[in-house]
Amino acid sequence: MQTSQLIVKQTPEKIALYFFGAFTLHNIAAYSAQVDTLHLEQKSLLLDLKNVTSFDTAAALFIHNLQKQADDFTLLSESPKIQENLLFVQNQVNHVPPRQYERRKSFLFAIGKRVEEFVLDGRLFLAFFGRIFFASLDYLTHFKHIRYKEIAFEINESAIKALWIIALTSFLIGVVVAYQSAYQLKLYGANIFIVDMLGISILRELAPLITAIVIAGRSGSAFTAQIGAMKITQELDAMQTMGFDPYAFLVIPRIIALMVALPILIFVADVMGVFGGMLVSFIDLGISGHLFLERLNEVVAVKHFYIGIFKGPFFAFLIAAIGIFRGLQVKDNTQSIGFNTTKSVVMSIFAVIVCDAIFSIAFTNLGM
Amino acid sequence: MKIIEVSGLKTVFGSRTVHDGLNLSIAKGEIYGLLGPSGCGKTTLLREMVLLQEYAAGSIKILGYDLEHINHAQAQILRQKWGVLFQSGALFSSLTLKENIALPLREYTELNQKMINEIVALKIHLVGLKQTDAHLYPSQISGGMKKKAGLARAIAMDPELLFLDEPTSGLDPISAREFDRLILKLRDTLGLSIVMVSHDLQSIYDTLDKMAIIDNKKIVYEDTLQNLARSESHFVQTFFKERV
């Protein structure tokens with residue numbers, strides 16, 4: 001096989017380029033380094049391709065660019081294939097529209113764009129709220145339209161199957177809180193007050209919050225991914241063309257299911273959290289189970305329990321609504337599912353905490 | 001009788017105009033094709049016809065309903081009069097084929113389970129699926145089977161009008177020709193009117209009665225296949241090269 005190389009011969013008004021061997025993508029870089037040192041302007045160019053063994057479109061483009069620079073040129077080649085290739089590339093190049101450069105976006109533009117997206121997102125969420133409202137009105141006026149089967153299925157998915165993880169998490173939270181406070185309380189000899197502390201903090205704040213956070217990570221993300229996937233596979237479109245309102249079929253059943261499920265889960269979390277605390281009190285502080293429960297009954301008002309349970313449906317609505325809304329925002333690509341799922345979990349946990357803060361202030365001011 | 005009339009339709013996505021004044025009309029019993037280069041807005045037009053997408057101006061009338069002033073109850077009636085087959089079938093992934101096909105029957109009719117089962121079996125047979133496939137989930141079947149099942153679901157309610165989005169794309173040539181025959185058979189036996197988006201030349205030659213070619217935001221041609229030679233559109237000249 002002939003080695004490929006480029007030989008350059010120069011006279012004051014003429015440049016001759018002799019190409020040998022393969023002339024392809026792989027040796028164009030070396031050739032162009034050689035050619036760039038020459039000054040082709042105002043000179044006549046001789047291109048000899050007679051000894052070229054292989055020639056590709058990149059080479060044709062290279063030749064085409066050389067021809068454009070030189071004043072006049074002669075091309076020597078006997079292969080019809082090379083000439084065809086050259087002609088083809090020249091034709092194509094002449095039809096490529098000149099590239100348009102996009103103006104660089106300024107920093108201000110980027111900020112504006114983000115703000116616009118944020119506002120549009122907010123408006124879409126409002127529209128989503130309106131749709132939920134209408135679909136629930138339909139439920140309330142037409143009992144026949146309620147999709148009991150779907151609701152029951154979702155309650156099973158998001159409550160019954162979550163029982164163990166909620167029970168375990170809240171038990172551990174009870175243990176940890178009790179263990180840490182037992183150490184401090186022992187210093188003051190105020191052992192028995194652990195009951196007051198645990199009772200109020202778990203029933204009123206910790207159990208609802210921990211349950212909501214676990215469910216946001218578990219069910220909220222599942223809602224987003226399920227509905228997002230349905231959107232990508234056009235299942236939602238198919239439903240709409242068949243006259244099935246996705247809000248009645250998918251959205252409202254999930255929201256109702258979670259609103260039913262969360263108070264039940266919070267109740268379980270209450271029981272398990274207090275049980276965890278009781279266990280540590282017994283082991284660490286020597287408070288018997290009997291004494292613990294008696295004291296609990298005495299000092300912790302039942303309102304704390306009710307307030308904790310009362311928060312459940314509100315947290316559930318936020319988690320389900322945000323999860324489903326993000327699912328509906330999924331675009332036609334798979335990356336979008338991941339992006340929206342992340343956003344859904346972060347946003348719903350944030351919303352739950354904000355909601356909890358509002359409740360906390362409201363209830364305290366109401367004297368509860 | 002015209003079952004679909006589109007006039008002066010304009011569609012805008014952000015700053016990009018997709019359609020600028022489309023006019024077309026589709027008669028009852030016709031198999032009507034929407035053709036054109038990629039990105040010309042064929043599927044968008046189809047989505048506008050089936051109430052999945054809003055348009056900027058103009059009007060679309062389907063079976064006598066003006067889509068712009070349609071209310072919810074009318075839209076629900078209209079939706080039961082048409083069937084739609086999406087490009088990838090769009091079967092409900094949580095239901096088996098049988099349940100997918102039975103869903104509109106269960107939701108919209110008072111039929112008992114036995115009757116529904118019989119109808120489902122008939123539609124499964126009609127589209128050329130095996131009865132044993134009925135218990136499979138969409139994830140367990142091939143792309144061609146998904147399309148057939150999607151078609152069975154689309155015709156479950158015996159609609160007057162059938163919309164098909166690239167029915168033969170992604171099918172092997174034999175299945176594609178089978179699908180064409182199936183579409184012709186449905187039109188002849190059930191008296192359906194069919195609107196389809198297609199790129200498949202053979203399918204276009206074999207099935208279409210009439211077609212509209214969209215290019216550069218406008219309809220550049222609307223007529224039968226036979227009169228195609230008279231068109232001067234660049235797309236027509238290249239796409240139907242050997243025919244024209």
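**Figure 1. Helices α7 and α11 of chain A.** In this predicted model, α7(A) and α11(A) are roughly parallel (angle under 35 degrees), because they pack at about 20 degrees with their axes 8 Å apart. Axes are lines fitted to C-alpha atoms over the stretch in contact, and angles run from 0 to 180 degrees between N-to-C directions. Helix α11 covers residues 302–328. Helices are DSSP runs (H or I, at least four residues), numbered from the N terminus. The contact of α7(A) with α11(A) has 17 nonpolar, 12 polar and 4 charged residues. Nonpolar means Ala, Val, Leu, Ile, Met, Phe, Trp, Tyr, Cys and Pro; charged means Asp, Glu, Lys and Arg; the others, Gly among them, are polar.

**Figure 2. Helices α6 and α7 of chain A.** Helix α6 (residues 163–188) and helix α7 (residues 194–232) of chain A pack at about 145 degrees, their axes 10 Å apart. This crossing is right-handed. Residues in contact (C-beta atoms, placed from the backbone, within 7 Å) include A:Ile173 and A:Val177 of α6(A), and A:Leu198 and A:Ile202 of α7(A). By class there are 15 nonpolar, 6 polar and no charged residues.

**Figure 3. Chains A and B.** Contacts join 10 residues of chain A to 13 of chain B. The chain A side has 3 nonpolar, 5 polar and 2 charged residues.

Residues are numbered from 1 along each chain as its sequence is written, and chains are lettered from A in the order in which they are written. Local features need pLDDT of at least 70, side-chain atom pairs count only at pLDDT 80 or more, and totals for chains, interfaces and linings use all residues.

Methods. Contact = placed C-beta atoms within 7 Å. Helix = DSSP H or I, 4+ residues; strand = E, 2+ residues; numbered from the N terminus. Left-handed = near helix turned anticlockwise from the far one by under 90°. Parallel < 35°, antiparallel > 145°, perpendicular 65-115°, else oblique.
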